[in-house]
Amino acid sequence: MSNSLLHKKILITAGPTYERIDPVRFIGNFSTGKMGFAIAEECAARGAEVTLIAGVTSLSISHPNIRRIDVESAIEMYNAAIQAFSETDIAILSAAVADYRPLQFTDEKIKRNEGENLTITLIPNPDIAATLGQMKKPHQTLVGFALETNNEEENALKKMKKKNLDFIVLNSLKDSGAGFGHDTNKVSILFANSEKKSFELKSKKEVARDIVNVLMDNMLMC
Ligand code: C5P
């Protein structure tokens, strides 16, 4: 394994965020964090110092060069990412961050009211990727992920531009074996100049290797 990421500081977000409604309920999503954890291991194996900000997941890490920060909500992930970013060379944002959180958290479990609807008001969460995109300095590289159900490439390209990303990894939800929970994934990588690299369905470990290879090629071009 080449050590060509030696001394590089890499920030990775992974997994879902949980947005609490009351002490026993939350709004979440099906992300497991497997893709982000595989990227963290790959970067560390190539010599990088990795900070992994992980949402709620049962996964564990093995490489000693990975510093793991566990968070629960989008706000916690946002604060941890902002704090770490100035010391970062490359940020890879693979987390499935909740777009909204409940306006109110109630200390007591919400009771069922027979026959009545329950309305929970949701307010927008901060966009970590867009904020880091605004803070980004010329020596820093920012990589995002997109999971789309329609007009995939068009939406992913819009996101890349809006959030000031250097490239974006587009996950497929249409291919079986790709996306949440699986041990395999199928991705395309889109660049700002509309160039595209597509990969076959592979294990997430191999996909992580492909993504880090692209990252390193991109750094050599800078
Ligand atoms: O949710 P969306 O499709 O806009 O996510 C695209 C990218 O932005 C992903 O890399 C995701 O991790 C990141 N993101 C974020 N903070 C959010 C929403 C998304 O960092 N609040």
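**The ligand and its pocket**

Guide: The largest pocket holds about 1,000 Å³ of space, a volume being the space filled by probe spheres set on grid points joined across faces, edges and corners. A pocket here is an open set of points on a 1 Å grid over the protein atoms alone, where a 1.4 Å probe fits, with protein on both sides within 12 Å along at least five of seven lines; lining residues have an atom within 4 Å of a point. This is a predicted model: local features need pLDDT of at least 70 and side-chain atom pairs pLDDT 80 or more, while totals for chains, interfaces and linings use all residues. Residues are numbered from 1 along each chain as its sequence is written, and side-chain values use heavy atoms, without hydrogens and water.

Lining the largest pocket are 42 residues, with Ala95, Ala96, Val97, Phe145 and Leu147 nearest its centre. The lining divides into 19 nonpolar, 15 polar and eight charged residues.

Among the residues around the ligand are Ala95, Val97, Asp99, Ile128 and Phe145, each with a heavy atom within 4 Å of the ligand.

Polar contacts are pairs of N or O atoms within 3.5 Å. One oxygen atom of the ligand is 2.6 Å from a backbone N or O atom of Leu93, and a ligand nitrogen atom lies 2.9 Å from a polar backbone atom of Pro126. In the side chain of Lys159, an N or O atom is 2.5 Å from an oxygen atom of the ligand.

Technical notes. A polar contact is a pair of N or O atoms within 3.5 Å; within protein, one must be able to donate a hydrogen and the other to accept it, and residues adjacent in sequence count only if both atoms are side-chain atoms. Ala, Val, Leu, Ile, Met, Phe, Trp, Tyr, Cys and Pro count as nonpolar, Asp, Glu, Lys and Arg as charged, and the others, Gly among them, as polar.
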